[in-house]
Amino acid sequence: MKLICAKGLSVHRGKAAVLKNVTLDIASGEIVTVVGPNGSGKSTLLRALIGATEIAKGEVTRKPGLRIGYVPQKLHIDPTLPMSVARFLSLPCKVSPQQTQEALAQAGASTLGARQMADLSGGQFQRVLLARALLGNPELLILDEATQGLDQPGSAAFYQQIETLRSTLGCAVLMVSHELHVVMAASDRVICLNGHVCCEGTPEVVASAPEYRALFGSGTQGALALYRHDHDHHHHAHDHGHTHTHKHVPDHNHPHEHEDA
């Protein structure tokens, strides 16, 4: 079942086109990752899909009553404000202690309910945001650069939690990310965006596509295979002839994105 369909989607900022003629759909239960350089319109696409930004052309169709859980790129909480994790999860709508504990457990954060928000590490904070997104039992979980600022092991652990949620809850996942070595191995489908859809398909197909390599360079295909080697031992079909003799060290040559068009 299709949860969201976008056809011929264009979004303008002033007279400039941020997105042009984007067509995509998200089906129940699949993990879709949108990758693209800074300013490529990834966050704008998310906002258009959920109805939070005006569309110049095209249409977006959502399943009636679609339940969406959203994990933002960042959320600032005043560090001087005393607020426990349980209290944070009850804003703005009060939830029961049982609901709170269940959501935290699903997010891999079951021990954090009594902790102060200001005292959490980056990884713990993101898991609490994930728990908040899960409170409404979403059919679609949207992650906007949800691991920005985490180290590679923290990112990998977070995305493995997302894979577990997809298996246990059956929710679809739409992710925006630049952490290709982690995210792409977990995805059913990858969409490479640069104002328009440059290419899409399985991680292996996209990593080999000339349009993708023109944007990200050729080193990431090896990184994808290395990630599979470290975390997925049924990887032989995806090796592409690579020989793996060391663990992957993330490439820091690409600038980290902080704000997207």
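1. Burial. Of the 261 residues in the chain, 49% are buried (under 20% relative accessible area; exposed is over 50%, partly exposed lies in between; 1.4 Å probe, protein chains only). This is a predicted model: local features need pLDDT of at least 70, side-chain atom pairs count only at pLDDT 80 or more, and totals for chains, interfaces and linings use all residues. Residues are numbered from 1 along each chain as its sequence is written, and side-chain values use heavy atoms, with hydrogens and water left out.

2. Surface and contacts. The chain has an accessible surface of about 12400 Å², 53% of it from carbon and sulfur atoms (Shrake-Rupley method, 1.4 Å probe; for residues, only the protein chains shown count as cover). Take the contacts (heavy atoms within 4.5 Å) between residues at least 6 apart in sequence: 68% join residues at least 24 apart.

3. Secondary structure. The chain has nine helices and nine strands. Both are DSSP runs, numbered from the N terminus: helices are H or I with at least four residues, strands are E with at least two.

4. The sheet. Six strands form an open sheet in the order β5-β6-β7-β3-β8-β9, with mixed pairing (two strands pair if DSSP finds at least two bridges between them). At the edges are β5 (68-71) and β9 (197-201), each pairing on one side only. From one strand to the next, the twist averages 15°. β8 (residues 189-193) runs antiparallel to β9 over four bridges. Leu193 stands opposite Val197 in β9.

5. Helices on the sheet. α1 (residues 42-49) packs on the sheet and touches β3 (31-35), β6, β7 (172-176) and β8. The direction of α1 makes about 145° with that of β7. α5 also packs on the sheet, with β3, β6 and β7 as its partners; its direction makes about 165° with that of β6. Axes are lines fitted to C-alpha atoms, for helices over the stretch in contact; angles run from 0 to 180 degrees between N-to-C directions.

6. α5 in detail. Buried residues of α5 include Phe158, Tyr159, Ile162 and Leu165. Asp151 caps the N-terminal end: a side-chain oxygen lies 2.8 Å from the backbone nitrogen of Gly154. Just after α5, Gly170 has a positive phi of about 75°.

7. Arg189. This residue lies in β8. Arg189 is buried, at 16% relative accessible area. Its side chain makes a polar contact with the side chain of Glu30, at 2.7 Å. Such a contact is a pair of N or O atoms within 3.5 Å; within protein, one must be able to donate a hydrogen and the other to accept it, and residues adjacent in sequence count only if both atoms are side-chain atoms. Leaving out residues up to four places away in sequence, Arg189 touches several others, among them Asp25, Val32 and Glu200.

8. Backbone points to check. Most residues other than glycine have a negative phi, and most peptide bonds are trans. Asn21, in β2 (residues 16-27), has a positive phi near 55°. Asn21 is exposed, at 54%. Glu145 has phi near 50° and sits in the loop between β6 (140-144) and α5 (152-169). Glu145 is buried, at 3%. The Leu91 to Pro92 peptide bond is cis, with omega near -5°. Pro92 is in the loop between α2 (85-89) and α3 (97-106).
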